[in-house]
Amino acid sequence: MIHIEKMTTRHLADVLLLSVADEQQRFVGSIEEILKSANAQIRPHVIFVEGIVVGFFLIDTIYAKHFDFAKKHSLGLRSFFISKEFQGRGFAKQAILALPHYLKETFPTHSIIYLTVNCQNPVAKELYLKGGFEDTNNLYHGGPAGPQHILMKAIEPSIGAENE
Ligand SMILES: CC(C)(COP(=O)(O)OP(=O)(O)OC[C@H]1O[C@@H](n2cnc3c(N)ncnc32)[C@H](O)[C@@H]1OP(=O)(O)O)[C@@H](O)C(=O)NCCC(=O)NCCS
């Protein structure tokens, strides 16, 4: 069973051990690089399985300021990954499925979450679709490693969330 927590300094040593396979580096980079982009608005999170840190992601609370395509009051899921030794065991899918509940509790004023996923990363795109994200059928061209699909999900299926 997976568990999501905000990352604090007590997680740092474990988080620094996380890594993806060499061929996956272009999609997220190294954990050292990712942590440099974390701050009070772009908040780091850890994914636990039975007390072990297996993965990581950032929640960007000012996503619309960084990305023109995003609506106001939206969050962004960034740098999501499962460490290579824990991949293929369903942990990513469990984490993505657990995310809306966690976000609703933690960020109650935000109604939508976006992400971008590289067009050359079909495994991740499939994961997000299985986790309930929708393809907006638009591409983001500002990333360093080629075009990316823009996906979104209502955090709470509330009437009007689409119009915010
Ligand atoms: C994408 C990633 C998070 C998937 O993590 P994971 O824990 O291995 O995924 P899961 O075991 O939960 O599998 C979830 C789904 O991903 C897909 N998937 C996972 N591994 C796969 C593989 N080797 N081949 C094809 N599809 C695969 C499947 O659709 C799977 O669903 P299913 O179990 O119903 O078939 C992981 O590969 C990763 O960290 N990659 C590098 C970083 C990255 O690309 N992040 C995304 C940035 S947008």
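This is a predicted model: local features need pLDDT of at least 70, side-chain atom pairs count only at pLDDT 80 or more; totals for chains, interfaces and linings use all residues.
Which helices and strands each supply at least two residues of the lining of the largest pocket? Figure 1 has the answer.

Figure 1. Residues are numbered from 1 along each chain as its sequence is written, and side-chain values use heavy atoms, with hydrogens and water left out. At least two lining residues come from each of α2 (25-28), α3 (31-36), β4 (74-82), α5 (91-106), β5 (112-118) and α6 (122-130). (Helices are DSSP runs of H or I with at least four residues, strands are E runs of at least two, both numbered from the N terminus.) A pocket here is an open set of points on a 1 Å grid where a 1.4 Å probe fits, with protein on both sides within 12 Å along at least five of seven lines; lining residues have an atom within 4 Å of a point. Of the 45 residues in the lining, F27, V28, F80, N121 and Y128 lie nearest the centre.

**Figure 2. The sheet, strand by strand.** Seven strands make an open sheet with mixed pairing, in the order β1-β2-β3-β4-β5-β7-β6. (Two strands pair if DSSP finds at least two bridges between them.) β1 (2-6) and β6 (134-140) sit at the edges with a single partner strand each, so one side of each has no neighbour in the sheet.

**Figure 3. β2 beside β3.** Strands β2 (residues 42-49) and β3 (residues 52-60) run antiparallel, joined by eight bridges. Look for I42, whose bridge partner in β3 is D60.
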